[in-house]
Amino acid sequence: MTIHKPMPAGQVGRSLPRLESREKVTGRADYVHNIRLPGMLIAKVARSTVAHGRIVSIDTSAARQVEGVFAVYTGEDIRKIIPEPYYGPAFHDQPILALGKVRHVGEPVAVALARDAHAAEQAAQLVEVVYEELPAVFDEVEAMDSKAIVHDVLKPAGTFPDLKHLHGKKNTNIALDFHLRRGDVDKAFAGAAHLFEHEFHTQQVMHTPLEPMVSLAEPTRDGLTIHTSSQSPSFVRIEIARLLGWPENRVQVKVPYLGGGFGAKLYIKLEALVAALALLTRRPVKWSLTMEEQFYTISKHATTFRIKSAVDAAGKITGRSCAVYWNGGAYADIGPRVTQKSGFTAPGPYDIENVAIESYSLYTNRPPAGALRGFGIPQLVWAYESHTDLIARELNIDPVEFRRMNILREGRPQATGTAMKDAAIDLVLEKLAERMNWSAPFDRGGGTVRRGRGVGIGFKASISPTTSVAFVNIYADGSCALYMSTVDMGQGSDTAMAQIVAEVLQVQAESVRVIHPDTDVTPYDMATLGSRSTFHMGNAVKLAAEDAKQKLEAMARSVGVPEGSNLETREIFKKKYGMQAGNVMGVGSYIPGYKSPDSVSGMSDNITPFWMIGGTGVEIEVDTETGHVKLTKLVNAADMGRPLNPRIVETQLSGAAIMQLGFTMFENMEFDAGQVTNASFADYKIPGIHDIPPAIENHIVLAEQGGGPFGAKGVGESATFGVSPAIANAIHDAVGVRLTDLPLTAESVLRAIRLKAGNPIGD
Amino acid sequence: MNQHAKAISFVLNGSKTEMLVQTHENLVELLGRLDLYGARESCGQGLCGCCTVIVDDVAVSGCLYPAAFVDGKTITTIEHLDHDVQLSPVQQAFIEEGAFQCGFCTSGFILMTHKLLEQKPMPTDEEIRDYLAGNLCRCAAYPEIINAVKSAATKMART
Amino acid sequence: MISFELAEPKTLNEAIALLDAEDPEVRPISGGTALMLMMKSGVFRPSRLVSLQKVEADYSRIERGSNGSLRIGAMASLSQVEHSDEVRRVAPVIEKTMRHLSNVRVRNVARLGGNLAHGDPHMDLPPVLSSLGAKAIVAGPSGQREILIEALFSGYYETVLKRDELITFVEVPPQAGWSSSYIKCTTRSADDWPALGIACSLRIEGGSIGDVRLMISAATEKLTRLVSTEKVLRGQKVNEATFERAGESAMAEAEVIGDSRGSASYKSELVRVYVRRALRQAGLGETQP
């Protein structure tokens, strides 16, 4: 378990089971999915069948004839409630229902409402839409200068300063271009002993939370209550209020547990439509997606990454250029943030004097892409760690040794100029080398089964600057509750945050009640994303608990309790209020420092409050007759500072790595003219119990995060980083072939083996 | 009553229940009408196991099971396992081993584990994997789930 | 899904009478796992389903004949077949196949007859039963007929069954002297539908192949018997060289189609490898007493 020394109260660092364990094993945990309200209508949408087209007409008459149908609405009806019905966190580009034009197959065009879901579904299928098809663009590199333009005019939301210059731009699909220049990369290339250039690709994949997205809006006396499976209740409130032109306080957003999120349920997804429908009908309206519909809603960016490195005679990387193209799909969602934030670290965790980065967020006519467990980092690590391995092999240097020679050490500036601090990259690498027994001889197999091994390491800047607020309320009997808008979607935040409160107040974590996000009750939080909660909300919670403690101590003093007395809390309240009455309310608010990157050079000396570090090592077997790759060992290591709950953290590490294993080996959204052809679990396969390797190890390195609550920082994404390149590197090690496109299917492995053998397989 | 509706009676978690169901209704929808939400539709194709329900002593995918077919049958859902307040050894083992994260698939895994251990009280790793191969966990708590099954088997052997 | 009439006959003849030779919107439903999928996705919109749940008892028995044959009621659930001692004694390859056939819940509900009548080329039982030489007993308005399982399928999700015919039993002939294997290949997750299934039965006489049945599924439009490759095998010694030649022959013979599980040319490679491996497994395995 933990290698860290225990904290004084013994609460932080304790591997207690999740607080909600009993609810979850009895099937009684609250999910939005469980909510049924009197008079509630069920919404089902009709979706676009073309990738890019002008809407000529929409005929809802047959749909309205279906028995039990309450109403059928189109985008024009939404305008009665919301005149400018476009939403989104980075761009106000996404219509609640299509208006005038559709931009991807599966885009919502009309909605049918009925008491019965089957009736609504039947009606939605009967909506007749005539389209005039427009030329479409699907590839991210083609989108750079395609004649097919997805959005006539760019409409940045105004929240992010680096998007302002795009306002009103026409004839472009570029939704953000991030550039970074450090040193002189051209000079480095010119003077290099060795030059290496490669191009890597990743495919579009989907989060597939097992609880499909669901939102329910109910009209209240003077506003709306929205129950939603969302990772960002505060953002939903702000965005719905903006759309309606209301003050925030008329919109209440409530979030119970989430059946998985992984970035799919961020910002705003179904909420705008149910809000509009609840106001149109004056009835509660619930919209639950099917698994299939999720594929049309949000996904992970496909990417093209061109990377070039200069290496000197001693094996030191002296220059690196990175050009990354992010396939953002038809609506920007949070893609521009992914483009910039991950752009910071595109050259990898290496100490490189001369760097050039270009990172482009592109509109295409595919379903939208957003954040998925890593905020773009896994796509980058895939490329730079494959590239790193190729260089090492070419130079005949052991891949781990080559990394040691070039790794970013503590205090050294990273590409943006921000110095590495509390970033145990070296410890993660050494832990992998140790657990992989790297320096020992390796059994390479024989016959038709060849064995190989590989590693990959990566790092990530936090999403900054963002704010978290928490309340800790001590009740008159001494019990307490934590009010926060962090969403527990399985990562264990309720438990970890209760442990922070418990450590400060010196109580048992199990006794801390955690109040779930309810924007009428719980304070602001930017969102549960990007592994930010442990650090940001953790700090806010710690501050709130400390504030409560100080206020309680002050109250004790005010009623004459001597310093150092161990009088019970309930007795202090009694002395103050004469009976069991009153509250002590602690407030904590946290925003870390941050400096925006320079608009020209892309440089900043404070790009992130903390670094996430993760790495993976694998051993594999390749069947040289079929191309099948079998993982026999998977080792994950991460720097998460001090783990608040080591057990939960280890589960997070293996869970993240196994999820990335799916994205590496077989998950792939397949398209035909923009239509996803495998939008179901029958044809989009995710890892099952037979797909996990027999040996999995998860290691927490001995580190401490300065400024983190009790030295902790986020960890939910770290074990995704190294998986894909580790496996590709191991395949290279086993059979001498290099794959540059994900997923690493058996077919692509066999094709490469046969090509190398001079006996290629036909098309 | 039209010919697309059917009056059925069945035993649900120990209680006799009578209902009118539509022919196109599935078992998860029927349970939802009775405010039982532990069986949930996720993939909708019988592949993920979130909708697992026990019908006449065998596990079925509620999302692919016509509600009308439960006529005359006995149904047990996850909500019944702690009917005497005590958690079952399987439920306890899932908590102790941390065998879930978001919890959405957990009902299914627990019911399947109960059926597995009835058939094979001390399953091997391979038997556990084979039996649970039709249940998906996107949080990928599979290693912990395997540990929980083994731990539950040991608990049950002791009693 | 839209609602439909659900008929629940008590006898086989009533059930057949409720079916309609002409109307594709009327179909029998046994376990319902496959039909529910088709109805949920809107591929199939029935006007009437004829449930076989209540005629089940007569047609779900599994019996072993005195000559070592096997007679399985079409309404037996797949898990009944999986756990039957009679089945294991006659054809252990069926039990082995069942372990990785779909999943436990589907096996609990899906019925043997429905599984065959569905006509899905990715199913595991059709190749296995065919390689065992099994036949289906089919009842219709004009009486009974017998169809070899290998001849049951006429195309992608198509069978030779008439709309008002029902499979009542599956009969597996005695397997004494035969040795069988089935291997399938998944190319994405382990629980994916197979990209390829190869079933084979060998009758080995004095170190040579006396007779053989070799079936390919999943990679082809429908279940197919590899007749030419069988000819290559008959009379040959049971050894690697024979298996190798058979693999090459099967690769040339099978009309493989590409899909998201692999291109046609890749699957052809798989055919060569998997035919060899399936033959090896059967050839080196024990023959049935």
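Trainee: Which residues of α7(A) meet α8(A)?

Mentor: In this predicted model, V236(A), I240(A) and L243(A) of α7(A) meet E271(A), A272(A) and A275(A) of α8(A). A pair counts as being in contact when the C-beta atoms lie within 7 Å.

Trainee: How many residues of each class does the contact of α7(A) with α8(A) have?

Mentor: That contact has five nonpolar residues, no polar ones and one charged. Val, Ile, Leu and Ala count as nonpolar, whereas Glu counts as charged.

Trainee: Let us turn to chain B. Which residues of helix α2 of chain B are buried?

Mentor: In helix α2 (residues 89-97) of chain B, the buried residues are P89(B), V90(B), Q91(B), A93(B), F94(B) and E97(B).

Trainee: What covers the buried residues of α2(B)?

Mentor: The cover includes α1 (21-25) of chain A, along with α3 (106-119) and α5 (142-158) of chain B. After α2(B) comes G98(B), with a positive phi near 65 degrees.

Trainee: What does α2(B) give to the side of chain B that touches chain A?

Mentor: The contact takes 42 residues from chain B and 42 residues from chain A. On the side of chain B, α2(B) gives the largest share, four residues. By class, that side has 23 nonpolar, twelve polar and seven charged residues.

Trainee: In chain C, what makes β11 and β14 edge strands?

Mentor: The open sheet has four strands in the order β11-β12-β13-β14 (chain C), with antiparallel pairing. β11 (178-185) and β14 (224-225) of chain C each pair on one side only, as edge strands do.

Trainee: How do you know that β11(C) and β12(C) pair?

Mentor: Pairing asks for at least two bridges, and eight join β11(C) to strand β12 (residues 196-205) of chain C, the two running antiparallel. Within this pair, S180(C) stands opposite S201(C).

Trainee: Which helix lies across β11, β12 and β13 of chain C?

Mentor: That is helix α11 (residues 264-284) of chain C, which runs at about 35 degrees to β12(C).

Note on methods. Residues are numbered from 1 along each chain as its sequence is written. Chains are lettered from A and ligands numbered from 1 in the order in which they are written. This is a predicted model: local features need pLDDT of at least 70, side-chain atom pairs count only at pLDDT 80 or more; totals for chains, interfaces and linings use all residues. A residue is buried if 20 or more other C-beta atoms lie within 10 Å of its own, exposed if 12 or fewer, and partly exposed in between; C-beta atoms are placed from the backbone. Two residues are in contact if their C-beta atoms, placed from the backbone, lie within 7 Å. Axes are lines fitted to C-alpha atoms, for helices over the stretch in contact, and angles run from 0 to 180 degrees between N-to-C directions.
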